[in-house]
Amino acid sequence: MSSADAAQIRPAALDDRARDFLAAVERADGIAPLSEGVLEAAAQGRATTLGAFAHDALVGFAAAAEQGERGAAELAIAPDHRGAGTGGRLADALRAQLGDAEADTWFWSHGDFPAAARLAAERGYARSRELLQLSTPPLAGLALPAVQVPDGVEIRTFRPGDEEGWLRVNNAAFDWHPEQGHQDLAAFTAHTAAPGFEPAGVFFAVRDGAIIGFHETKLTPGEQGAAPLGEVYVVGVDPAVHARGVGRALTLAGMHHMRARGARAVELYVESDNAAARRLYDSLGFDHTVVHVSYEPPRGAADRGPASATSATAAAPGGTPAAGAAGGAPAASANTTGGQ
């Protein structure tokens, strides 16, 4: 493509063609262009979605959806259609569709690509949050320490009736978190009733009959029969509890469980400024890092009118800004291990 004008921007559903397109971008960039949370919202009709089409071929896809207290926006551009302005036009069209909601919608750069930083800066978006994606080497060769449980604490898996205690610790541990915090009992009840929920993969630290910490694990099946990938999905410890070693014990209990279930490796997401959690994960063998950057919308975004839908360049997380996507990690991919 020699001209950005060749691409037409119009509504596009997350159908098989869009999924095939996103899979191709992921293969090219080595990182998923759209986050699980935004994809789920798009599949359920809860997202704003647009496509860029060149001679009826899908060459770009963008989506924005609410995630907790704010929105996430992300997009992907086909590798051979980058650098011609299509990404920017798609991003600005998405911003125009959001209208007033743009003021509460953050763009992400999955992989911290320089092009995303430039595009964000051009539009007045500020680098505001870094989410680190850490992973272990193959578990088969990783020497996992034994689980050492602090005195007076029991580690056990989920039982019906744990929802209220789980919710209490979650909201206390993540009161600062825009996606994971401030949840309600209905959300937790629905989560534990969902078909894919695995009680054996959720670990609780209990003291004197009360839940003081939790670790929810996740296993994602590998492609074409490959071993699954494990994830430290959420770890939280009640910040009011003083029981050193709880976070470490919970994390290790989950990692041992995932290895027993055949996980080839384990990954997690953690805020870059969570020094205590990062020290813990370093000590447990997490040695590979991908940086995801969140760009805060400019102040007064809702007052300056809709963005142009026909000009600009796009930034996004997930591959490379005008090549990748913008969006956040799954809403539950948060970690805090206070009182480790």
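Modeller: Accessible areas here come from the Shrake-Rupley method with a 1.4 Å probe. By that method, the protein exposes about 14,600 Å². Carbon and sulfur atoms supply 49% of this area. Keep in mind that this is a predicted model. Its average pLDDT is 85, and 86% of the residues score at least 70. One stretch needs caution: over residues 302-333 the pLDDT is below 50. That stretch still has 146 contacts in the model beyond near neighbours in sequence.

Now the overall picture. The protein has 340 residues, and 54% of them count as buried. It holds eight helices and 13 strands. Take the contacts between residues at least 6 apart in sequence: 78% of them join residues at least 24 apart.

What does β4 pair with? One partner is β3, in the antiparallel sense, over eight bridges. Within this pairing, Gly60 has Ile77 of β4 as its bridge partner. β3 and β4 form a hairpin with two residues between the strands. Gly68 in that hairpin takes a positive phi near 70°.

Another partner is strand β5, residues 105-110. Here the sense is parallel, and the pairing runs over three bridges. Ala73 stands opposite Phe107 in β5. Helix α3, residues 86-98, belongs to this arrangement too. Together, β4, α3 and β5 make a right-handed β-α-β unit.

A loop lies between β2 (48-54) and β3 (57-67), and Asp56 sits in it. Asp56 is not a glycine, yet its phi is positive, about 70°. Asp208 also has a positive phi without being a glycine; the value is near 55°. It lies in the loop between β8 (202-207) and β9 (210-220). Is Asp208 buried or exposed? It is exposed, because its relative accessibility of 77% is over the 50% cut-off.

For contrast, look at a covered site in a helix. Thr251 is in helix α7, residues 246-260. Its relative accessibility is 0%, so it counts as buried. What surrounds Thr251? Leaving aside neighbours within four places in sequence, its contacts are His215, Val235, Leu280, Tyr281 and Leu284.

Two of those names return in helix α8, residues 275-283. Its buried residues are Ala277, Leu280 and Tyr281. They lie on the same side of α8, because they cover an arc of only 95° around the axis. On the other side of α8, Arg279 and Asp282 are exposed. So what follows α8? Gly285 does, with a positive phi near 100°.

β4 runs antiparallel to β3 and parallel to β5.

Definitions and conventions:
Residues numbered from 1 in each chain as written. Predicted model: local features only at pLDDT ≥ 70, side-chain atom pairs only at ≥ 80, totals over all residues. Heavy atoms only, no water. Helix = DSSP H or I, 4+ residues; strand = E, 2+ residues; numbered from the N terminus. Buried < 20%, exposed > 50% of the residue type's maximum accessible area, 1.4 Å probe, protein only. Contact = heavy atoms within 4.5 Å. Pairing = 2+ DSSP bridges. Right-handed = clockwise from strand over helix to strand, strands pointing away. Arc of directions from axis to C-beta. pLDDT = per-residue confidence, 0-100.
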